[in-house]
Amino acid sequence: MIYLATFWLIIVAFIVAYAASLIFKWKNATAYLEDKGMLVFIISASVIIIAIITKDPLTVMGISIPTELQWLGSLIITGFGAWRFYLNPLKSKVYSMDREVGEVRADVANIKSDVRLIKENVISSKFKKLA
């Protein structure tokens, strides 16, 4: 019970902090939580894996939720957190890097054409001097 309870405490604390930073428009706190959000979900995923391995169900106020449902919900939340705080920003970074690589390719193509023109001018001027 300790591992699953730890998981839910970590997740609830993070969600409350993140929601508060969004509601009160604390830009520094929101940026920090978005930056460190994946670390929270890595830690929570580790705790949920330990809870699954040790078969550690959670009982809330005497109500017992099926263990498989607890684990499924926990894994879905962890997966959503991984998507929201790691995979989605990574996709944005890849798109921006792709654009930058395209710009670099265009610059290299321009440099190659400029070097070719310079070579042609230097070689043609050498032949004019020899003639």
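The side chains of D35 and K36 meet in a salt bridge, with N and O 3.8 Å apart; a salt bridge is defined as a side-chain nitrogen of Lys or Arg within 4 Å of a carboxyl oxygen of Asp or Glu. D35 counts as exposed, at 55% relative accessibility, whereas K36 is partly exposed at 36%. In these terms, buried means under 20% relative accessible area, exposed over 50%, and partly exposed in between (1.4 Å probe, protein chains only). The model is a predicted one, in which local features need pLDDT of at least 70 and side-chain atom pairs count only at pLDDT 80 or more, while totals for chains, interfaces and linings use all residues. Residues are numbered from 1 along each chain as its sequence is written, and side-chain values use heavy atoms, with hydrogens and water left out.

By the salt-bridge rule, the count comes to 3. R84 forms one of these with E34, the closest N and O atoms being 3.5 Å apart. Because R84 lies in helix α3 and E34 in helix α2, this pair ties together parts that are 50 residues apart in sequence. R84 is partly exposed, with a relative accessible area of 26%, and E34 is also partly exposed, at 34%. A further salt bridge joins the side chains of E120 and R116 (3.6 Å, N to O). These two residues are 4 apart in helix α3 and are therefore separated by about one helical turn. E120 has a relative accessible area of 40% and is partly exposed; R116, at 46%, is partly exposed as well.

The chain contains 3 helices and 2 strands, where helices (H or I, at least four residues) and strands (E, at least two) are DSSP runs numbered from the N terminus. Along the sequence, these elements follow the pattern α-α-β-β-α. The radius of gyration of the chain is 28 Å, well over the 14 Å that the globule rule gives for 131 residues, so the chain is more spread out than a compact globule. This radius is taken over C-alpha atoms, and the globule rule is 2.2 Å times the number of residues to the power 0.38. Taken along the principal axes, the C-alpha atoms fill a box of roughly 100 × 35 × 15 Å. Buried residues make up 19% of the 131 residues.

Confidence is expressed as pLDDT, the predictor's confidence in each residue, from 0 to 100. The mean pLDDT of the chain is 84, and 91% of its residues reach 70 or more.

Helix α1 (residues 2–23) includes S21, which counts as buried because its relative accessibility is 1%. Leaving aside residues up to four places away in sequence, S21 touches W26, A29, T30 and L33, a contact being heavy atoms within 4.5 Å.

On the surface, F80, W83, Y86, L87, L90, V94 and Y95 form a nonpolar patch with about 730 Å² of accessible area together. Such patches are made of residues with over 30% relative accessible area and no salt bridge, like charges being joined within 9 Å and nonpolar side chains (Val, Leu, Ile, Met, Phe, Trp, Tyr) within 5 Å. Accessible areas come from the Shrake-Rupley method with a 1.4 Å probe; for residues, only the protein chains shown count as cover. Y86 is found in helix α3 (residues 67–130) and, at 43% relative accessibility, counts as partly exposed.
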